[in-house]
Amino acid sequence: QVQLVESGGGLVQAGASLRLACAASGRTGSSYAMGWFRQAPGKEREFVAAISWRGSSTMYADSVKGRFTISRDNAKNTVYLQMNSLKPEDTAVYYCAARFSLASGALYSALAQYNYWGQGTQVTVSS
């Protein structure tokens, strides 16, 4: 079992930056690919970014490409999402997710591919 706890959300103005963190505990000695998703009010949860368990590969949704950066520090069992040039449409609850992965470079963008989820952190961007 892996437990995930997100932090770093908040209320910011458009154009500002935020850095989200996702701390993992439990069976963190195994190799886990990680992802960030978000869910805006009245909308489906959607993929934002993913990173392979070694951190060698990343993938982004088109809507955040060039503005968001996913990274990880395996020594700290933490994954980050650096969000720059935030827009009002980025307002959502952001969730991190994890899944066991044998392939060091594998990336996953579908909700159903992840086994473990955090409780979410709210990001609100005002115009």
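Let's start with the salt bridges: a search of the whole structure, which is a predicted model, turns up four of them. The idea behind them is simple: side chains with opposite charges can pair when their charged atoms come close.

Take Glu 46 and Arg 38. These two form a salt bridge, and their closest N and O atoms are 2.7 Å apart. How buried or exposed are the two partners? Glu 46 has a relative accessible area of 35%, so we call it partly exposed. Arg 38 comes in at 6%, which is under the 20% cut-off, so Arg 38 counts as buried.

Now look at Arg 67 and Asp 90, whose side chains also meet in a salt bridge, at 2.7 Å from N to O. This pair ties together distant parts of the chain, with the partners 23 residues apart. Arg 67 sits in the loop between β6 (58-60) and β7 (68-73), while Asp 90 sits in the loop between β8 (78-83) and β9 (92-100). Arg 67 is buried at 11% relative accessibility, and Asp 90 is buried too, at 1%. Step back and you'll find that Arg 38, Glu 46, Arg 67 and Asp 90 are linked in a network of salt bridges.

Another salt bridge joins the side chains of Lys 65 and Asp 62, at 3.1 Å from N to O. Here Lys 65 is partly exposed, with a relative accessible area of 49%. Asp 62 reaches 64%, and because that is over 50%, Asp 62 counts as exposed.

Next up, the aromatic rings. The structure holds seven aromatic pairs. In one of them, the ring centres of Phe 37 and Phe 47 are 5.7 Å apart and the planes meet at 75°, so the pair is edge-to-face.

Tyr 108 and Tyr 114 make another edge-to-face pair, with centres 6.4 Å apart and planes at 80°. Both of these tyrosines are buried. Ring pairs link Phe 37, Phe 47, Tyr 108, Tyr 114 and Trp 117 into a cluster.

Finally, some charges sit over rings. Arg 99 lies over the face of Tyr 108, at 4.0 Å from the ring centre. Elsewhere, the charged end of Arg 19 sits over the ring of Tyr 80, 3.9 Å from its centre.

Methods
Residues numbered from 1 in each chain as written. Predicted model: local features only at pLDDT ≥ 70, side-chain atom pairs only at ≥ 80, totals over all residues. Heavy atoms only, no water. Phe/Tyr/Trp six-rings, centres within 6.5 Å; stacked < 30°, edge-to-face > 60°. Buried < 20%, exposed > 50% of the residue type's maximum accessible area, 1.4 Å probe, protein only. Lys NZ or Arg CZ within 6 Å of the ring centre and 35° of its normal. Salt bridge = Lys/Arg side-chain N within 4 Å of Asp/Glu carboxyl O. Helix = DSSP H or I, 4+ residues; strand = E, 2+ residues; numbered from the N terminus.
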